[in-house]
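Let's take a friendly walk through the inside of a protein.

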Amino acid sequence: MADEQFKQGRDFLDGFFEETGTALRYRYDAEQLIVEAWGENSLRVRATKLADMPADDWALLPPRETTVTIQIDSCEARITNGKLTARINQIGRLTFYNQTGAVLLDEYVRNRRDMYSDTASSLQIEGREFKPIINGDYQLTMRFVANADERIYGMGQYQQPFLNLKGADLELAQRNSQASVPFALSSKGYGFLWNNPAVGRVTFSKNTTVWEAVSTKKLDYWITAGDTPAQLVEAYADATGKVPMMPDYAMGFWQSKLRYQTQDELLTVARAYKRRNLPISVIVCDFFHWTAQGDWKFDPDYWPDPQAMVEELTELGIELMVSVWPTVDYDSENFREMLNRGLLIRTERGIRISMDFNGNTLHIDPTRPDTRTFVWNLLKKHYFDLGIKTFWLDEAEPEYTVYDFENYRYHIGPNAQIGNIYPMLFARMVYDGLVSEGVTNPISLLRCAWAGSQRYGSLVWSGDIHSSFASMKNQVVAGLNMGLAGIPWWTTDIGGFFGADIGDEQFHELFVRWFQYGTFCPVMRLHGNRWPFKEPMSKRGSGTCISGADNEVWSYGETVYAICRRYLFLREAMRPYITSLMEDAHRRGTPVMRPLFYDFPTDKSCWEVETAYLFGPAILVAPVLERGQTEQDVYLPVGAVWTNVWTGEPWAGGQTVTVKTPLAVIPIFTKDGFCLDTNGGECLQTAVDLQ
């Protein structure tokens, strides 16, 4: 069929089409292009100039079967899957349409071969450009025509203040406080996954959208069509996986600091929370509780009886989380064996050191299954068998002393080509281990993620961020875009991580505002590296590392403590409601916190709101993001009645209201008379003062 078609259409057609099952294939010269159904209303597109199409699925799971229609004519071909149609024209140019025939996405092709198009041009620019790397693979550029009125959301976590990413230039790479999760949600009714873990860039400019990979073997992306943002996010969750059901303990308050230096110090803090009758669910044993990086076990000089510690915390109703770094010190008892077995990453040149924080270290290589098994066996022996099942997988990007991406190589390829997948496989290491031990709902805290990380129980936090109002604003939009990028479990360091003195009254204001915001994050977690530092305790083992100042809710004076106490009980009162949100995230991939337009897509004003958001379907939150702010304008979506939690005053939607914001108040509105039972028969509107 393909040969006959090629002969009949050779005067008009470059290449030829072929139908194979639910896939439409196009071939021209060295390039082969495959467009195939991949879930409802969705298509996967792959192209390569290699002899065979690489088989990697990366973020994508095996698709559900769907019914497709493929039509091949003399000079073009189409494949339709539900609401989405792809058309390949006579020179291989791809255009995507929704069920109404509206163009969703169109390759940016400007050359003379496209002679039947209005955009035929002498520029000689290809939509799919494979630029050969001499003696290697390809540098890839994928160009699409841009829509100036389009809004783009998702893409993971970037330290910038814009929710709408139209006009943004984003690095596709993992860094401390940056998580590249390359799923873009468009206001035009499509979702787009760049299914390629290579380091690169994307630019959402006014005239073009350009995706780049610095080194790759193939083009691979996935596109879905839908009528609402929720349909797009849920389709993406079906394609890449959903989070487990969050364990009940994780929905409460997490206490952490850099770093409890001893077993006695950690237990003293846990007992103090209970003595003060404060809600607490998790307490954290941070980094350098170990004898050396890569030993993954407690230092007995400072943590003499971890079994007894875990048992006491369990009696107190507190879960212990322990920090696990992927770094292995040359002095670690495991270094030589891991090196011999090929379980560590490699450098392309220079001294084989990837990080030099408190020692010369190399990172583990979780792209190799043997590595994941080896490290998990140590974690099981030294932590899980003590009753610890919650792990803090820090440095998950991984963080390098120098982000020289092309200088590192992993088991499955060079970092520049596959490195963005590192945090997903780091999470999988612990997820697979926990599941093998019978844990049904694993959760691990990570500092980074890639597409698909959510299915391995990844709770992502926003990294080592500055303690400032500007930084806090960045986290609000980062958390919302992470949720839209398929990562519904997300949190931040309440108060920021670095740059704050616990005696600074200006920081106290920021701390309160961040604590209020943290109450309405998927996970409420207090952490930070506060000044003044505490000196190292010794020159050996875990005693060599500094510690930050105290960071408990009572560490900032009585005024701050009284406000924090109120919000701790408010969080506790919301536990049944939060459970329902986590069920939605588990079953459908629904973001726990999301922009107003997610639930109100037909309200045009909701698309303009960047920092207020919905915490589930019934609570609207408008964080205070400026120092000294005493009132705030809040837009209330049309089609509902919104009640001010603090005053009990109802407001009709479709208007902007001004509310007072004294230090103790974050603007909160509930929808259509929503009442939150606090076990005392009180609604949320009055429950905040019960404690």
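Lining the largest cavity are Leu105, Phe144, Ile152, Ala184, Leu185, Ser186, Tyr190, Phe192, Phe204, Thr209 and Trp211. A cavity is a set of points on a 1 Å grid over the protein atoms alone where a 1.4 Å probe fits but cannot get out, and lining residues have an atom within 4 Å of a point. This is a predicted model, in which local features need pLDDT of at least 70, side-chain atom pairs count only at pLDDT 80 or more, and totals for chains, interfaces and linings use all residues. Residues are numbered from 1 along each chain as its sequence is written, and side-chain values use heavy atoms, leaving out hydrogens and water.

β14 gives the most to this lining of the largest cavity, with three residues. Strands such as this are DSSP runs (E, at least two residues), while helices are runs of H or I with at least four, numbered from the N terminus.

The count comes to five cavities of 30 Å³ or more; here are two of them, with volume meaning the space filled by probe spheres set on the points, which are joined across faces, edges and corners.

| Cavity | Volume |
|---|---|
| Largest | about 60 Å³ |

Among the residues lining the second largest cavity are Gln174, Glu397 and Tyr410.

Now for the helices. α9 (residues 469-484) and α10 (residues 505-519) pack at about 10°, with axes 11 Å apart; axes are lines fitted to C-alpha atoms over the stretch in contact, and angles run from 0 to 180 degrees between N-to-C directions. α9 and α10 are therefore roughly parallel to each other (angles under 35 degrees).

Conventions:
1 Å grid on protein atoms, 1.4 Å probe; cavity = no way out; pocket = protein on both sides within 12 Å on 5 of 7 lines; lining within 4 Å. Parallel < 35°, antiparallel > 145°, perpendicular 65-115°, else oblique.
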